[in-house]
Amino acid sequence: MGSAMISGLLNSNLSTAESIIASAHTQATLDRLAASYGIQTTLDNTTVAKTADIIFLAVKPYLYEDVIEEIRDIIDDDKLIVAIAAGVSHSKLDDYFGKPVKIVRAMPNTPAMVLEAMSALSPNEHVSTEELQSVVAIFESFGKAEVVPESLMDAVVGVSGSSPAYVYMFIEAMADAAVADGMPRTQAYKFAAQSVYGAAKMVLETNTHPGVLKDAVCSPGGTTIAAVAKLEEKGLRDAVISAQRCCVAKSKDMGK
C-alpha cells in the first residue's frame, strides 16, 4: 500500500520525490523504492519521524505497537499521523502512543497506483479542519476520498479496502469463459477488464442505481437476461454479500 500511495502522489504531481522519505525493514525494499521512485530512504523509523510533517504508518496491523514504540517520543503537537491498517482503532492507537496525538485513520486501496483509489478517512478530535483537508487532498491525488465516522471503517475494509481482490477474481472468471469460447487470453482480459471499468464509470458518472443500469442491458428474451438468471441461480449476490461480511468480521476481530 505504501508503494501504491507513493506512486499516486508522484504521478499526480502533488508531491516531489525529494519531499518523500520512507523507511522499511530491509535494504532490498528500500533499494527497490529508491530505484522506482527516486525518494529518500532509510532503515531507521526515527529518521522518518523526525523529518516528516505527516507520517504514514503503512505497516501490517501486528507491527503497529512495535513501530509506534520506536517513534512515539519523537511525535509532538506538530506531527500528524496517518494510520493505514485494518482493525487498528483510534483508542488502540491512543494506547500505543500514550499521549494525545493527531491521528487520521485511513483505508485506501491498491488502485492508488493508477490514480483510482477509493479511500476512507476518519480523524480523531485532535485533528483540525485544515489538517484534515490537507490529508483529504493527499488521498484525492490518487483517487477519491470520503471522510467517514470510525464506526464505518470496518465496513470500508469490506467494500473498498479488500474489494479489488473480488473484482480481479470476477475479471479472471469472465476472461476464462471467453477463452473457453475461443478468445485469446490477452484479448479476453482486455475485454473483461474494460467492461468492468466502463460499467463502474457508468454508475459513478450517471448517478443511476445499478439495478436500473442492469435492466437497461437486459432485453426481453435476450442473452443478457439469460446470463443474469444463471448468476442468480448460482447465488452471485449471496456469495458477494457473504464474502464481504466475512471480510468485515475479520476486520472487527483484528480490532479486539
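Predicted model: local features only at pLDDT ≥ 70, side-chain atom pairs only at ≥ 80, totals over all residues.
Is N207 buried or exposed?

**Stop 1: the main core.** Start by selecting I39, Y64 and F139. These are the residues with the most contacts inside the largest nonpolar core, which has 47 residues. Now centre on Y64 and show what surrounds it. Beyond its neighbours within four places in sequence, Y64 is in contact with L57 and V59, with A83, I84, A85 and V88, and with L93 and Y96.

**Stop 2: a surface patch.** Move to the outside and select L231, L236 and V240. Together they make a nonpolar patch with about 220 Å² of accessible area. Click on L236, which lies in helix α12, residues 236–254. L236 counts as partly exposed because its relative accessibility is 35%, between the 20% and 50% cut-offs.

**Stop 3: two backbone angles.** Most residues other than glycine have a negative phi. Go to L115, in the loop between β5 (102–107) and β6 (117–123): its phi is positive, near 60 degrees. L115 is partly exposed, at 31% relative accessible area.

Finish at N207, in the loop that links α9 (185–206) and α10 (210–217). N207 also has a positive phi, near 55 degrees. As for the opening question, N207 is exposed, because its relative accessible area is 70%, and over 50% counts as exposed.

Technical notes: Residues numbered from 1 in each chain as written. Heavy atoms only, no water. Core = buried A, V, L, I, M, F, W, Y, C linked by side-chain atoms within 4.5 Å. Buried < 20%, exposed > 50% of the residue type's maximum accessible area, 1.4 Å probe, protein only. Contact = heavy atoms within 4.5 Å. Patch = residues over 30% accessible without salt bridge, like charges linked within 9 Å, V, L, I, M, F, W, Y side chains within 5 Å. Areas by Shrake-Rupley, 256 points an atom, 1.4 Å probe, with all protein chains shown as cover. Salt bridge = Lys/Arg side-chain N within 4 Å of Asp/Glu carboxyl O. Helix = DSSP H or I, 4+ residues; strand = E, 2+ residues; numbered from the N terminus.
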